[in-house]
Amino acid sequence: MKEMKERTYPPGPRCSFCGRGPGEVERLISGPSAHICNECVRLCEEILEAEEENDALFWEKQKLPTPEEIKAFLDGYVIGQERAKKAISVAVYNHYKRIRYGSKKNDVELEKSNILLIGPTGTGKTLLAQTLARFLQIPFTIADATPLTEAGYVGEDVENILVRLLQAADYDVSKAEKGIIYIDEIDKLARKQDSPSITRDVSGEGVQQALLKILEGTISGVPPRGGRKHPEQNLVYLNTRNILFICGGAFYGLEKIIQKRIGQKMVGFAAPLREGQGDTGDIFSQVETEDLLAYGLIPELIGRLPVVTTLDKLDDKAMIRILVRPKNSLLRQYQKYFEMEGVELKLAPDALKEIVNLARKKEMGARGLKSVMENVMGSIMYKLPSLSGVKGCLLTKDVMVKGAKPIYTMEPKRKRKRA
């Protein structure tokens, strides 16, 4: 066997990666102890670009969805609330357009526009935020404002909100910095003006003050696993400048403040309806900054939530549509469960109306629908797997009101062939 000769190169600097010399490449870049040619630099750039493309968010790789496209997707999951869906679609489109093209264009600095959702419970505030994040395929988290306190007091630090977003992004800081955070029950942070206590309001105005920096944009150091900070802990630093914050709350009692303000400015036929009349959503739609101030939000927080939109209280027709029409509606979910048993589930029109009536009594909005359906379907789904020969199940009003048995459709029995 012939001995293999090692390749020899003429003396002089050569690329540490491909071994080519100055005469074989256009340029050779020299470092303290290594060299690299322009061809290897170009190859490294292609590798990095491919990795960045794979790690890029949906809207960074493709055309940014228009407000109409965003609303069309929301229509598939959120029934009604046209005013809120249009306002959110425009705000989200502008927010991510600002990130894509930079916050400065022709010396005009584009500020972030966080969103405040006001509406009765169960009208779809959380669902709107969840559906948006799913459509844009970006990290999303929900935080409850109720347990938040100022740093150093019993409760959760405001920075823990960022920890949850980081976890939702699988600890990818660059993705987390372009995610969405939904802060629920923001109205619970209102200043307790009528409270006789002389103690510090650490879970109200104090939390509002703590939220200001992260809402506007700051570099915040957070413990990666949550909990309180301590000096010996390694922190992860997040820039919140491009994180979209959506805050929501029921704001019980705000309608009285709005009615009082309108009543002081309007007389005669233009006067507002008396308390108890009209729709709460219609009253909320007339909200002004001074109403939120009177409710107990500090002016600095209101200024960092420039997009304010309201949701309407759901009527019976909307409740029935919520029960039936969305792509992941409650009825379709239960129909899927029944389909796994080989049974077709149907609800009579009077049964649908009765479900809405029972849900209305709970005063939970659309959330009451799930509670009613769980109570009714529990016993039916308990017995269904044990029944044989069932191919259809019809629920009527009597099933909802009197607890009657559903109307089952049985498979026809096959006749035995004579020998």
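Hi everyone, some ground rules before we look around. Residues are numbered from 1 along each chain as its sequence is written, and side-chain values use heavy atoms, with hydrogens and water left out. As this is a predicted model, local features need a pLDDT of at least 70 and side-chain atom pairs count only at pLDDT 80 or more, while totals for chains, interfaces and linings use all residues.

Let's start with confidence. The pLDDT is the predictor's confidence in each residue, on a scale from 0 to 100. The chain averages 80, and 80% of the residues score at least 70. Residues 195–199 have a pLDDT below 50, and beyond near neighbours in sequence they make 0 contacts in the model; a contact here means heavy atoms within 4.5 Å. Residues 265–278 also have a pLDDT below 50, but that stretch has 12 contacts beyond near neighbours in sequence.

Now the overall picture. The chain has 17 helices and 14 strands; these are DSSP runs numbered from the N terminus, with helices being H or I of at least four residues and strands E of at least two. Of its 419 residues, 40% count as buried. Buried means under 20% relative accessible area, exposed means over 50%, and partly exposed lies in between, using a 1.4 Å probe and protein chains only. Among contacts between residues at least 6 apart in sequence, 68% join residues at least 24 apart.

How many disulfides are there? The count is 0, where a disulfide is a pair of cysteine sulfur atoms within 2.5 Å. Cys15 is in no disulfide, and its nearest cysteine sulfur, on Cys18, is 3.7 Å away. Cys15 is buried, at 4% relative accessibility. Cys37 is in no disulfide either, with the sulfur of Cys40 the nearest at 3.6 Å. Cys37 is buried too, at 0%.

On to helix packing. Two packed helices are described by the angle between their axes and the distance between the axes. Axes here are lines fitted to C-alpha atoms, for helices over the stretch in contact, and angles run from 0 to 180 degrees between N-to-C directions. Please find α13, residues 316–324, and α15, residues 349–362: their axes come within 10 Å and cross at roughly 110 degrees. That makes α13 and α15 roughly perpendicular. On the scale used, under 35 degrees is roughly parallel, over 145 roughly antiparallel, 65 to 115 roughly perpendicular, and the rest oblique. The crossing of α13 and α15 is right-handed, a word for the near helix being turned clockwise from the far one by less than a right angle, with anticlockwise being left-handed. Among the residues that meet are Met319, Ile320 and Leu323 of α13, and Leu352, Ile355 and Val356 of α15.

Helix α15 also packs against α16, residues 367–383, at about 120 degrees with the axes 8 Å apart. That makes α15 oblique to α16. This crossing is right-handed as well. The contact includes Ile355, Val356 and Ala359 of α15, with Leu369, Val372 and Met373 among their partners in α16.

Next, a few backbone details. Helix α6, residues 160–168, has Asn160, Ile161, Leu162, Val163, Leu165 and Leu166 buried. Just after α6, Asp170 takes a positive phi of about 55 degrees. Tyr171 has a positive phi too, about 60 degrees, although it is not a glycine. Tyr171 sits in the loop between α6 and α7, and is partly exposed at 34%. Glu185 also has a positive phi of about 60 degrees without being a glycine. The loop that holds Glu185 runs between β7 and α8, and Glu185 is partly exposed at 25%.

Which residues does Gly248 contact? Leaving aside neighbours within four places in sequence, its contacts include Leu117, Lys125, Tyr182, Glu185 and Asp187. Gly248 lies in strand β10, residues 244–249, and is buried at 0%. Gly248 and Asp187 are 61 residues apart in sequence but 7.6 Å apart in space, C-alpha to C-alpha.

One last stop is Asp312, in the loop between β11 and α13. Asp312 is partly exposed, at 24%. Between Asp312 and Gly124 there are 188 residues in sequence terms and 9.6 Å in space, C-alpha to C-alpha.
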